[in-house]
Amino acid sequence: MHSNAHTLRTGPRALARSLAWLRLSAIAGQCFAIFAVYFWLDMAIPLLSLLVGVGALAVFAAFAAWRLQRTWPLSELECVGHILVDTLVLSYLLYLTGGASNPFITLMVVPIGLSAAALSTAAVLGVAVICGLAYLVLLLWSLPLPPIHTYGFTDFRLLVAGMVVNFIITALLLGVFISRLAQALREQQGEVQRIRERALRDEGILAIATQAASAAHEMNTPLSTMRTLLPELRREHTDDDQLDEDLELLQTQVERCRDSLREMVSFGKAQLSQTPETISMQAFVQRCLERFRLLRPETDVQLTLKAPPEFLLHLQPGLNHALINLLNNAADASASNGHDDVFLDASIHGSWFELAVRDRGPGFADLDTLTGLGYTQKQSGLGLGLALAEATAERMDGELVARNIDGGGEIRLRLPITTY
């Protein structure tokens with residue numbers, strides 16, 4: 001079944017988005033630390049110079065937030081540029097507050113860890129060089145921290161407190177980001193598995209279609225022969241009413257087979273041309289129902305239109321076959337429970353066109369493998385109807401959703417109006 005679950009992605013834009021949130025947190029934390037050290041610990045740090053650095057980071061944060069709202073592609077080089085600005089501002093603040101002796105110097109490791117989870121090896125090496133050079137510069141040049149005038153606080157205790165705060169910050173940043181990365185990888189692995197299953201299903205459908213085309217070509221000759229002989233047999237046995245009725249039924253079935261073969265050929269041509277058909281919703285639904293009633297005259301279809309009947313649809317070839325397959329499966333399910341009715345709801349919900357087919361059968365035994373190629377709950381089923389319907393929905397960027405309801409099962413075919 002198709003899933004609408006949002007999948008987390010890794011890459012430059014995802015990293016830039018994480019950096020934007022971390023940058024806002026850093027601005028708040030830096031302001032708090034600066035004012036706490038200046039006013040509470042009474043240390044003569046260069047307050048104005050430090051606030052200028054934080055203000056510069058705030059200006060860049062506003063620019064980065066604006067940039068992320070744009071649809072332009074965000075390259076790895078640009079993402080490394082964001083990290084470069086963050087590193088330069090952090091280096092400037094550390095230069096004014098002790099350089100490498102400041103316990104917050106280990107925050108230089110955070111950009112490397114974040115980029116390693118989202119960027120290529122070359123980009124990670126670039127970030128490592130930037131952070132390494134910044135660390136080296138701060139080892140050689142920096143302004144020493146002024147003495148502490150607060151009673152009971154020593155340089156060592158300040159170092160220990162800074163290391164504790166720094167550890168908490170680093171653990172939170174890396175833990176949260178890496179957990180998001182792990183979730184993204186799990187979801188991507190699941191998506192890869194779903195793509196592989198769809199590829200195997202489509203390969204099976206293609207093989208069946210090839211065999212069907214070959215069988216259709218071979219069936220054309222015997223059907224033509226029967227179409228020629230049946231009228232002659234009816235003329236020769238006009239005095240036998242029972243035989244005449246049987247021959248008429250056979251002739252009708254032969255014509256139906258011939259029409260199906262012709263429709264198969266025309267459908268294949270339409271698939272190759274990919275020419276959409278513009279038709280009103282009511283006309284489309286009625287056309288499918290007329291075809292279905294020819295196939296299953298004993299089934300009563302109760303139709304509900306939940307949108308203006310004149311609403312125009314732009315349909316790709318194959319949707320009518322998918323709907324007829326769903327109706328046919330629903331009719332079989334209802335019949336297995338002693339009922340002869342099915343329900344069809346056609347509606348418009350926002351930008352989606354929905355076809356909901358409900359039956360009065362026993363429900364679905366296994367929703368997870370329902371659309372697998374060859375899976376069927378019918379003794380005489382081939383396991384193709386739902387697989388073909390789901391393949392049609394996916395080809396039109398839609399989805400097929402099945403569920404059990406009170407008194408039967410329901411399959412909902414949803415297609416985006418703007419894309420099909």
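**View 1. Helix H5 and the nonpolar surface patch.** In this predicted model, helix H5 (residues 121-140) contributes the largest share of the nonpolar patch, namely 7 residues. The patch covers about 960 Å² of the surface and is made by Tyr95, Val129, Leu133, Tyr135, Leu136, Val137, Leu139, Leu140, Trp141 and Leu143. One of these patch residues, Leu140, is found in helix H5. Leu140 counts as exposed because its relative accessible area is 57%, and the term applies to values over 50%.

**View 2. The largest nonpolar core.** This core holds 37 residues, of which Phe284, Leu344 and Phe353 touch the most other members. At least two core residues are supplied by each of the following elements: helix H8 (281-295), strand E3 (312-315), helix H9 (319-336), strand E4 (341-349), strand E5 (352-358), helix H10 (385-395), strand E6 (399-405) and strand E7 (408-416). Among the contributors, H9 gives the most to this core, with 8 residues. Apart from this core there is a second, separate one of 26 residues, which includes Leu19, Cys79, Val124 and Val127.

**View 3. The open sheet of 5 strands.** The strands of this sheet follow the order E2-E4-E5-E7-E6, and their pairing is mixed. Strand E2 (300-306) and strand E6 are the edge strands, each pairing on one side only. From one strand to the next, the twist averages 15°. In general, the strands of a sheet pair through backbone hydrogen bonds, and the pairing may be either parallel or antiparallel.

**View 4. Strand E5 and its partners E4 and E7.** Strands E4 and E5 run antiparallel and are joined by 7 bridges, and Leu344 stands opposite Val357 in E5. Strands E5 and E7 also run antiparallel, with 7 bridges joining them, and here Val357 stands opposite Ile411 in E7. Val357 can therefore be followed across this view, as it stands opposite Leu344 and opposite Ile411, with the term "buried" in the next legend meaning under 20% relative accessible area.

View 5. Strand E7 is mostly covered, since 8 of its 9 residues are buried. Strands E6 and E7 run antiparallel and are joined by 7 bridges, and in this pairing Asn404 stands opposite Gly409 in E7. The two strands form a hairpin with 2 residues between them, and Gly407 in the turn has a positive phi of about 85°.

Technical notes: Residues are numbered from 1 along each chain as its sequence is written. This is a predicted model: local features need pLDDT of at least 70, side-chain atom pairs count only at pLDDT 80 or more; totals for chains, interfaces and linings use all residues. Side-chain values use heavy atoms; hydrogens and water are left out. A nonpolar core is a set of buried Ala, Val, Leu, Ile, Met, Phe, Trp, Tyr and Cys residues joined through side-chain atoms within 4.5 Å. Buried means under 20% relative accessible area, exposed over 50%, partly exposed in between (1.4 Å probe, protein chains only). Helices (H or I, at least four residues) and strands (E, at least two) are DSSP runs, numbered from the N terminus. Patches are made of residues with over 30% relative accessible area and no salt bridge: like charges are joined within 9 Å, nonpolar side chains (Val, Leu, Ile, Met, Phe, Trp, Tyr) within 5 Å. Accessible areas come from the Shrake-Rupley method with a 1.4 Å probe; for residues, only the protein chains shown count as cover. A salt bridge is a side-chain nitrogen of Lys or Arg within 4 Å of a carboxyl oxygen of Asp or Glu. Two strands pair if DSSP finds at least two bridges between them. Axes are lines fitted to C-alpha atoms, for helices over the stretch in contact, and angles run from 0 to 180 degrees between N-to-C directions.
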